[in-house]
Amino acid sequence: MIYHDHLFHTDNCDILKPSCINLANEVSKRHSKWIKTWDKDYMKFAKGSLSTQLYETYNVFLCQMPGFAELYNLVIQYFKSKEPNYKDYAMAGWVNVYDKDEFLDWHKHGPKVGNDGRWHGYVTINAEPSKTLYKNEKGLVETIENKNGYITLNPAGLLHRVTPWTNKAEPRITIAFDFLKRNKIDPLNFTRWIPVI
């Protein structure tokens with residue numbers, strides 16, 4: 001099941017755009033040296049967006065720039081409406097910022113085989129026109145036409161990718177997140193995951 005629903009008015013996208021770009025730039029500036037120490041194939045599907053490649057170094061919902069706290073509240077309420085055992089989860093998010101001709105290639109969230117109970121989703125801030133394609137081991141299962149101000153959420157495990165961005169004037173911007181069962185998180189990883197309460 002892939003949920004795709006309107007979450008907020010596009011006026012909020014105008015508030016979030018500069019916050020996303022500023023955060024992406026700051027994350028890239030502070031943490032990009034780490035990439036040189038990683039295996040060269042790690043996160044290669046996210047080439048083009050350092051804030052995506054560096055997603056494990058921060059949580060967008062802990063950032064105090066305009067719009068993120070309000071969005072956090074909306075995403076949490078939406079998740080609670082889909083997952084009855086929401087108190088078993090914690091969440092972390094990051095920003096995806098892609099320029100013309102760039103895109104997120106095929107990847108999945110969670111273990112290579114099966115599902116560890118994780119949910120994955122994203123909110124579109126400036127993503128029209130683009131599509132997100134989902135497939136399982138048998139092939140393509142769904143295509144989402146991205147609309148600004150919408151949320152897409154699904155139990156993780158499906159491979160997915162985004163079509164190349166065609167706009168030269170502005171980047172494609174989404175805020176992505178994972179909800180992971182709290183008992184699967186390293187208890188010393190206390191700077192990234194926010195419990196859902």
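Reader: Where in helix α1 does the kink of about 25° lie?
Author: This is a predicted model, in which local features need pLDDT of at least 70 and side-chain atom pairs count only at pLDDT 80 or more, while totals for chains, interfaces and linings use all residues. Residues are numbered from 1 along each chain as its sequence is written, and side-chain values use heavy atoms, with hydrogens and water left out. Helices (H or I, at least four residues) and strands (E, at least two) are DSSP runs numbered from the N terminus, and the bend at a residue is the angle between axes fitted to the seven residues ending there and the seven starting there. In α1 the kink comes shortly before the proline Pro18, at Lys17.

Reader: How far does α1 reach from its first C-alpha to its last?
Author: Helix α1 covers residues 11-31, which is 21 residues.

Reader: Which elements are included in what covers the buried residues of α1?
Author: Buried means under 20% relative accessible area, exposed means over 50%, and partly exposed lies in between (1.4 Å probe, protein chains only). Among the buried residues of α1 are Cys13, Leu16, Lys17 and Leu23. With contact meaning heavy atoms within 4.5 Å, the covering elements include α2, α3, β2, β3 and β8.

Reader: Which residue forms a salt bridge with Arg30?
Author: A salt bridge is a side-chain nitrogen of Lys or Arg within 4 Å of a carboxyl oxygen of Asp or Glu. The closest N and O atoms are 2.7 Å apart, and the partner is Glu26.

Reader: How many residues apart in sequence are the parts that Arg118 and Asp178 tie together?
Author: The closest N and O atoms of this salt bridge are 3.4 Å apart. Arg118 lies in the loop between β2 and β3 and Asp178 in strand β8, so the parts tied together are separated in sequence by 60 residues.

Reader: Is Asp178 buried or exposed?
Author: The cut-off for burial is under 20% relative accessible area. Because Asp178 has 3% relative accessibility, it counts as buried.

Reader: How many residues does the largest nonpolar core have?
Author: A nonpolar core is a set of buried Ala, Val, Leu, Ile, Met, Phe, Trp, Tyr and Cys residues joined through side-chain atoms within 4.5 Å. Nonpolar side chains tend to be buried together in soluble globular proteins. Those with the most contacts inside the largest core include Leu71, Val75 and Phe177, and its number of residues is 46.

Reader: Which elements give two or more residues to this core?
Author: Residues with the most contacts in the core also include Val123 and Ile175. The elements that contribute two or more residues are α1, α3, β2, β3, β6 and β8.

Reader: Which residue in β6 is the bridge partner of His4?
Author: Strands β1 and β6 run antiparallel and are joined by four bridges. In β6, the partner of His4 is Thr152.

How values were computed
The expected span of a helix is 1.5 Å times one less than its number of residues. Two strands pair if DSSP finds at least two bridges between them.
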